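Have a go at each one before you read the solution.

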Amino acid sequence: MKTIRPNRLLALRMTLTILLSTLFSTTATASTVSYQESVSEVMLDTFASRQSERFLQELYTQLYFVPVWTTEDTLSSLSRSLFEKIRSDRTLDPSSVLREESLGAEEEAEALYRGGATLKEKVALEFRISRLYRRYAEYALYGSINWGAFQAQLYNLKSEGISAGWVPYKPQTDPVTLLQEAILEGSLESAFEGAEPKSYHYSALKQKLIEHLELREAGEWEPIPYREVIKRGKSDESVPLIRERLQLLGDYTGCEEESALYDACLEASVIAFQERHGLENDGVVGKQTIAALNIPLQERIDTIRLNLDRIKWLIPRCTTRHIIINIPAFKLSIEDSGVLDRQMKVVIGKRRNPTPVFSDTVETVVLNPNWNVPKSIIQKEMIPKLLRNPGAMQREGIHIYTGWGRDAKRISGGSVNWANYRYTKNLPFRFVQPPGYDNALGKVKFLFPNRFTVYMHDTPAKSLFTRTSRAFSHGCIRLEQPMEMLRFFSELNANIDYEKALKKLEGNRNEHIPLQLQVPVDIVYLTAFVDYNGTLQFRPDIYRYDRMQLSTLRAW
């Protein structure tokens with residue numbers, strides 16, 4: 001590393017010294033400046049004489065080698081703010097290493113200053129607190145998921161024939177930048193608050209975590225026994241336990257009944273619980289509802305933590321309008337200035353064909369789309385059908401061509417020995433389903449070009465939207481209300497006339513309409529989230545990503 005001697009940085013350090021002194025209530029005396037100079041000399045000698053940690057070199061280079069945690073006679077108020085921040089962070093486990101390190105650094109500092117610490121001891125303390133700050137800042141900014149290890153797990157799914165994708169977007173703020181902002185703002189607390197995600201109701205979900213941690217202080221709850229299905233009007237020994245559990249979770253309110261009778265008030269509470277856990281909301285207490293009630297409190301805490309960390313790695317949106325597709329919730333939401341504009345159900349990919357997690361921008365609306373069948377579907381599903389019945393594609397309305405060029409010829413399913421192409425790398429045939437009401441993409445699709453080749457589209461299989469769990473596609477997103485999505489884009493784009501578009505959809509003429517005002521779309525995977533009414537929601541881990549990411553977590 002190229003170092004610059006103190007005399008060349010004096011003016012800059014003097015400026016920073018005065019700024020630090022003003023912001024953190026120390027007196028910018030000649031003695032203070034002398035101390036800063038002496039510490040800077042020791043730092044520079046340390047960095048020059050041996051290979052120090054990259055973080056320390058980067059941090060103090062950005063701060064012109066001015067100490068921020070120590071002063072000549074005591075800890076700086078910035079240090080005390082850091083210790084207090086760690087001590088008061090209710091999301092940290094009380095027995096966490098971070099808390100222990102913070103207490104240890106604070107005790108060491110008090111002992112050193114009481115005993116008349118040497119300059120080298122103060123520099124060592126400065127570095128120790130910087131390391132502590134880095135670890136806490138990484139916890140707060142980045143969370144605990146080891147994204148590299150998780151990506152390796154996704155890659156390994158290929159051995160099961162599963163092609164999964166999750167694109168994480170690293171938070172824009174890093175520990176060095178955050179500390180610089182804290183110095184300029186005069187508050188470490190404000191800097192951390194400013195760096196917290198503002199979307200996906202992050203702060204509300206964080207509060208739900210704290211509430212669950214408070215519940216855990218009373219101890220883990222006992223499982224509720226399941227004997228048989230319980231419906232309204234029936235008495236059962238488990239009813240009082242169900243009522244107590246729902247009361248703890250906030251679903252059972254405004255009722256005074258305490259008997260073993262499953263009454264209407266309890267049924268309404270059970271329905272509320274079922275709805276916010278993605279279960280069939282029939283009010284009947286069966287095996288699935290009991291299983292959800294019996295999920296250990298610690299497991300719920302782990303799930304909330306995991307999803308808080310996922311939100312940190314999503315793109316923060318500054319645009320007015322924003323499309324969010326939450327895979328485990330099977331739901332699409334359109335936000336306008338952070339407020340819910342409209343919402344609809346979606347069908348997403350099966351576990352063996354998972355919808356990828358990533359962000360992009362909707363650029364094009366396609367009326368009366370063709371369905372160009374992907375190679376993977378041709379080889380996995382259509383060629384086996386052709387091997388059994390050469391007329392299978394004709395029956396499904398799918399045309400087969402000898403290639404993709406204009407001179408490609410349409411051929412019959414029985415004119416090719418398909419066994420030769422079941423596993424080939426190259427497939428010299430094009431399978432396409434022309435526009436129509438029976439087309440697999442329905443009458444309209446919405447393109448956001450991406451490496452996963454997924455998009456949003458209509459579907460002729462409307463009955464699937466009546467299901468509670470809706471993982472049926474090959475990875476693309478099927479819309480419950482595609483015409484409402486078309487209306488949404490027509491409201492933003494003058495080149496889309498909604499009524500004329502509907503008229504065109506009565507025919508089969510394919511048309512691509514580029515959007516003048518493009519809209520961001522984020523496909524996310526949140527199994528715990530706070531909805532637009534402020535209600536905590538949980539959803540099943542349909543792709544088993546929770547368990548995969550939990551196995552990678554960094555300990556704090």
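**Exercise 1.** Which ring does Lys 312 lie over?

Solution. Start with the rule: a charge sits over a ring if NZ of Lys or CZ of Arg is within 6 Å of the ring centre and within 35 degrees of the ring normal. Lys 312 lies over the face of Tyr 139, 5.7 Å from the ring centre. Lys 443 gives another case, with its charged end 4.5 Å from the centre of the Tyr 437 ring.

A quick note on the source: this is a predicted model, where local features need pLDDT of at least 70, side-chain atom pairs count only at pLDDT 80 or more, and totals for chains, interfaces and linings use all residues. Residues are numbered from 1 along each chain as its sequence is written, and side-chain values use heavy atoms, leaving out hydrogens and water.

**Exercise 2.** How many aromatic pairs are there?

Solution. Rings of Phe, Tyr and Trp (its six-membered ring) pair if their centres lie within 6.5 Å; planes under 30 degrees apart are stacked, over 60 edge-to-face, the rest tilted. That rule gives 27 aromatic pairs. One of them is Trp 69 with Tyr 133, at 5.5 Å centre to centre and 40° between the planes, which is tilted.

**Exercise 3.** Is Trp 69 buried or exposed?

Solution. Buried means under 20% relative accessible area, exposed over 50%, and partly exposed in between (1.4 Å probe, protein chains only). Trp 69 has 0%, so Trp 69 is buried. Tyr 133 is also at 0% relative accessibility, so Tyr 133 counts as buried.
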